[in-house]
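Keep the viewer open and follow along.

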Amino acid sequence: MGAGAPGVERLAAAFDGRAFAPHRHDTYAIGITTHGVQSFRYRGARRACLAGQMHVLHPDEMHDGAAGAPGGFGYRILYVDPALILAALDGRPLPFIADPVVGATAIDPVLLQGLADLDAPLGDIESAELVGGLADMLGRLDGSIPQAAPGGRLPVAALERVRRLIADDPATRHTAAALEAVSGLDRWTLARQFRRAFGTSPSRYRTMRQLDLARAAMRRGMALSEAALDAGFADQSHMSRAFKRGYGLTPARWAGAVAAR
């Protein structure tokens, strides 16, 4: 089980043979098969989800699960309260994906990011970004949201206030309510528009500014564990995972290279 948030659960699992008997969730179950073949019966047909493919199970739909080939299978999955999806869609009906197996090319990067590091804290800003991205992806898949990105002018001044708040104090985890207050935008709109304006999400922007703080601390000779806490990371491991995703190498290796120069 990974770190979650209200209405959002994340986990990774692996099975060999029969995984679970027929059952149903009251949430969306959105996952990616990581290895092997995931076989399940859903809406009267046997399905197979291969490694790299996504499966989308609608709330209250019966399904089972088993390995579809020798060697078992594994997956990473999100369970998302449909009320969150509904809120992110601003009143549009819940999307229904008729074919529960979706090819890799249709997977939104927000899902890959949400499942990449299950131990990373999932605060309310990260949760809003994740749920908003999932809602958009599901809407595109069922045809209720156009494939093209929405046009129109951006609320640049409001978004700049959010960017400045984060940049001025990246070690502080600002709440979604605080960002809504400074921008005048709801959290779903804020997450979408911030990415359109600055090319990344508010939480990712904050992480990169945290890494700026950590690198500056390491240049001053601060220990990695202290640099992590000083920059607002939960611990050194949390910083190390973010550092490697951001720069492609560990903090220790980066610090060693800086010291050698």
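E126 is buried, with a relative accessible area of 17%; here buried means under 20% relative accessible area, exposed means over 50%, and partly exposed is in between, using a 1.4 Å probe and protein chains only. Before going on, a word on the ground rules: this is a predicted model, where local features need pLDDT of at least 70, side-chain atom pairs count only at pLDDT 80 or more, and totals for chains, interfaces and linings use all residues. Residues are numbered from 1 along each chain as its sequence is written, and side-chain values use heavy atoms, with hydrogens and water left out.

So what does E126 pair with? E126 forms a salt bridge with R173, with 2.8 Å between the closest N and O atoms; a salt bridge takes a side-chain nitrogen of Lys or Arg within 4 Å of a carboxyl oxygen of Asp or Glu. The two partners come from distant parts of the chain, 47 residues apart: E126 is in helix α3, while R173 is in the loop between α4 (156-168) and α5. (Helices, H or I with at least four residues, and strands, E with at least two, are DSSP runs numbered from the N terminus.) R173 is partly exposed, at a relative accessible area of 37%.

Both residues also turn up around a void. The lining of the largest cavity includes E126 and R173, along with I125, I166, T172, H174, L179, P202, S203 and R206. On a 1 Å grid over the protein atoms alone, a cavity is a set of points where a 1.4 Å probe fits but cannot get out, and lining residues have an atom within 4 Å of a point. This cavity holds about 80 Å³ of space, where grid points are joined across faces, edges and corners and a volume is the space filled by probe spheres set on the points. Helices α3 (124-142) and α7 (202-219) each supply at least two residues of its lining, and α7 gives the most, with three. By class, the lining has four nonpolar, three polar and three charged residues; Ala, Val, Leu, Ile, Met, Phe, Trp, Tyr, Cys and Pro count as nonpolar, Asp, Glu, Lys and Arg as charged, and the others, Gly among them, as polar.

How many cavities of 30 Å³ or more does a search of the whole structure find? There are two.

Now for the greasy part. The largest nonpolar core has 29 residues, of which I30, M54, L78, I85, L111 and L134 touch the most other members; such a core is a set of buried Ala, Val, Leu, Ile, Met, Phe, Trp, Tyr and Cys residues joined through side-chain atoms within 4.5 Å. The elements giving two or more residues to this core are β3 (28-42), β5 (54-57), β7 (73-80), α1 (82-88), α2 (109-116) and α3. Helix α3 provides the largest share, seven residues. Zoom in on L111: leaving aside neighbours within four places in sequence, L111 is in contact (heavy atoms within 4.5 Å) with I30, I32, M54, L78, L134 and M137. A second, separate core of 14 residues includes A214, A228, A231 and M239.

Back to charges for a last stop. The whole structure has 14 salt bridges, and one of them joins the side chains of R43 and E61 (2.9 Å, N to O). Because R43 sits in the loop between β3 and β4 (45-50) and E61 in the loop between β5 and β6 (63-67), the pair ties together parts 18 residues apart in sequence. R43 is partly exposed at 48% relative accessible area, whereas E61 is buried at 17%. The loop between β5 and β6 also holds P59, which is buried with a relative accessible area of 12%. Not counting residues up to four places away in sequence, P59 touches H25, D26, T27, Y28 and P82.

Terms used: On a 1 Å grid over the protein atoms alone, a cavity is a set of points where a 1.4 Å probe fits but cannot get out, and a pocket is an open set with protein on both sides within 12 Å along at least five of seven lines; lining residues have an atom within 4 Å of a point.
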